[in-house]
Amino acid sequence: MASHSDTLVVFFGATAGANGGKLGSDEREIILLVWQIVDLHEKKVGKLHRRLVKPDLLEVTEECKEETGLAVDELCNAEPLDRVLHQFQQCVASELKSMGRSSYTLCVTGPLLIRQALHPEASKKNLVLPDSFYSFVDLRVEFNRCCPNAGPVKELTLPSMCDYVCIPPVAEQAAGVCEVKKMVLLILHLLSDPYNHKFTSLETVKHKFESGACSKTEPVDSETVIRARGLPWQSSDQDIARFFKGLNIAKGGVALCLNAQGRRNGEALVRFVNSEHRDLALERHKHHMGSRYIEVYKATGEEFLKIAGGTSNEVAQFLSKENQVIIRMRGLPFTATPEDVLGFLGPESPVTDGSEGLLFVKYPDGRPTGDAFVLFSCEEYALHALKKHKQILGKRYIELFRSTAAEVQQVLNRYVSTPLISTLPPPPAMVPVPVLATPPFLAGGSTRDCIRLRGLPYTAAIEDILEFMGEHTVDIKPHGVHMVLNQQGRPSGDAFIQMKSADRAFMMAQKCHKKMMKDRYVEVFQCSAEEMSFVLMGGTLNRSGLSPPPCKLPCLSPPTYAAFPSPAAVLPGDAALYQPPLLATPRPAQPLAHSTAPTLAYYPPQAHGQLYMNYTAYYPSPPVSPSTVGYFAAPPGAVAAAVAAQPAAPILPQPGALVRMQGLPYNTGVKEILSFFQGYQLSRSGVSDQEVGLESAIRVQRQQL
């Protein structure tokens, strides 16, 4: 389009709902368009055109009837929006030709008609607007440049501007005609002496959202950020930009939020180019994206940087290729190579720059997570790739989703800086309590005093399970709720609960089987502690019976080490202390107040100042739910008796501590394993028990092989 100063097309519209300062805030459709051409050089005025628009929903609010005088009967015979816009183009093109002009710019009083009504409605109806609707002149801004004493731009209205320059009132006519005639008179007045104004302040509407990376060091104004809530889980940054069509989003300004399991939680942070566009976005609170309404709230720049900001050079290089469509692949085999992924996607969806367009997400120690991001140069290639959703690569089905640059940053930040499975926070200083040597979920037993919940919603928490059980919660053993996680550390939909007796477990299974939790029914079965232990340690429990835990579990990350002082003594035998596997930080020994008994510790000491292995960063799944790990207090009487009965004894290691070994030779025996740990302090009475445990572990492993 040539210079926009040739002609102005004065443009006015009304919707079937709110108008004026609230135009477009209620998602009502446009029902009226009025326009007239003004030649800026010759100061001539063209013919005034008024068109009624037929909405899809033939309803008009009482407020609209009062302001416009239009009724539903008048709209029944009108043309739909796409045809009226086509008529607009034809009329304007014809008049411009007769005037000898080649270009024009829309002129409106405020941006609401263009940004909040026309573009959002065209987007919902899949209408392609001509380029002329992506730029416009705001008459209030131009008037403020000529008459700065008239007040701030936001407070200017068409009547107040006419009164300020003493333009006589226009005789009352049909809705929209009066407003357009006043705007034309104002424009002619500004073109004349003493102003001789040139209309140069052009506002634009972005054609397309631009993706890009955001650095954590980049300043982000909190007055430009909003939080959108209630988004469909499969929505992409382009879908969110389409919801805010007409408003200019900053480059890379859409950040989809992820939950603790790395999945989208239906929220996004959106950054706009300025505070004015942010304020207009807030007016779209509870507007609809498909059948869902979206909540829009204010947010801060710190929140946006926390989600979208990144510092990785690898990610910055990956995202440096602009105007690329990003697809996220989830569930890849850990052995998958770039060649495997390129072959899976096929020639119909070529990846940008081949293997350089792939970004595999890895743990800090270099192990693959099963996630990857892929770049495509156009939407067509991405659509071909999305057709392979849940197709098989190797022995696993692969999930493919649209993604964003902010999601790439967020996923990489999550895997690099924080554990996949959250750990317990550091405990407050308190008097230590002796606990049982063996956690209940490792204890075997054929008594069917446990229940299994199957089909839980993935968002279910322990509080939801307790509410689901109702009056039966009084029959749960202390810390007896165990959530089962899958190998990615995500909820599997299963949980086990330890009850006080088999009878109470039976009653719970009878009364709660197929009872609803949220929008799903949950199956409740009675089982034993032995069956529960198999599942919690990685096995499976189904109608065909028990399947032992897999021999090839995910590898542990390299452990971190920390040295701690040794206490004077530790209770041996049943009074020994158990270290939960997911405890966030070790607690040093603390003396009991007003007690002459030996000090107790939550962690046993190692001889000669050896180091503790702390697997708090990345613990193999599926363990028990981190929120259920706790201490089980032993009866005070039993502790006192054990202390009194035992003389001073040498420091012993913790019987309940477990170490898992992987990569053993197939012919390894118990003696070879014990010799491998030579130099570590072992109890003579505990060697036979350990041999039995080792023999059992080796036997299970060999059976699977």
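What follows is a short chat about the cores, helices and strands of a predicted model.

Colleague: What kind of model is this, and how many disulfides does the structure hold?

Modeller: It is a predicted model. The structure holds zero disulfides.

Colleague: Is C64 buried or exposed?

Modeller: C64 is buried, because its relative accessible area is 0% and the cut-off for buried is under 20%.

Colleague: And C91, buried or exposed?

Modeller: C91 has a relative accessible area of 18%, so it also falls under the 20% cut-off and counts as buried.

Colleague: Moving on to the inside. How many residues has the largest nonpolar core?

Modeller: The largest nonpolar core has 49 residues. F11, L33, F88, L106 and F244 are the ones with the most contacts inside it. Helix 3, residues 81-99, gives the most to this core, with seven residues.

Colleague: What does F11 touch?

Modeller: Leaving out residues up to four places away in sequence, F11 touches a list that includes L33, W35, F88, L106, F133 and M183.

Colleague: What lies apart from that core?

Modeller: Another core, of 34 residues, lies apart from the largest one. Among its residues are L70, A175, V180 and F199.

Colleague: Now the helices. At what angle do helix 5 and helix 7 cross?

Modeller: Helix 5 (residues 139-146) and helix 7 (residues 177-191) cross at roughly 35°, and their axes come within 11 Å. The crossing is left-handed.

Colleague: Which residues meet there?

Modeller: From helix 5, L139, F143 and C146 meet M183, L186, I187 and L190 of helix 7. M183 is also one of the residues that F11 touches.

Colleague: How many bridges join strand 10 to strand 11?

Modeller: Five bridges join strand 10 to strand 11, residues 264-272, and the two run antiparallel. L256 stands opposite A268 in strand 11.

Colleague: What is E399 in contact with?

Modeller: Leaving aside neighbours within four places in sequence, E399 is in contact with R328, M329, R330, H389 and K390. H389 is ten residues from E399 along the chain, and their C-alpha atoms are separated by 5.1 Å.

Colleague: Last one, strand 24. Over how many bridges does strand 24 pair with strand 20?

Modeller: Strand 24 (residues 520-527) pairs with strand 20 (residues 450-454) over five bridges, in the antiparallel sense. Q526 in strand 24 is the bridge partner of I451.

Colleague: And what joins strand 23 to strand 24?

Modeller: Three bridges join strand 23, residues 515-517, to strand 24, and these strands run antiparallel. M517 stands opposite R520 in strand 24. Their hairpin has two residues between the strands, and K518 takes a positive phi near 60° there.

Note on methods
Residues numbered from 1 in each chain as written. Predicted model: local features only at pLDDT ≥ 70, side-chain atom pairs only at ≥ 80, totals over all residues. Heavy atoms only, no water. Disulfide = S-S within 2.5 Å. Buried < 20%, exposed > 50% of the residue type's maximum accessible area, 1.4 Å probe, protein only. Core = buried A, V, L, I, M, F, W, Y, C linked by side-chain atoms within 4.5 Å. Helix = DSSP H or I, 4+ residues; strand = E, 2+ residues; numbered from the N terminus. Contact = heavy atoms within 4.5 Å. Pairing = 2+ DSSP bridges. Axes fitted to C-alpha atoms, helices over the stretch in contact; angles between N-to-C directions. Left-handed = near helix turned anticlockwise from the far one by under 90°.
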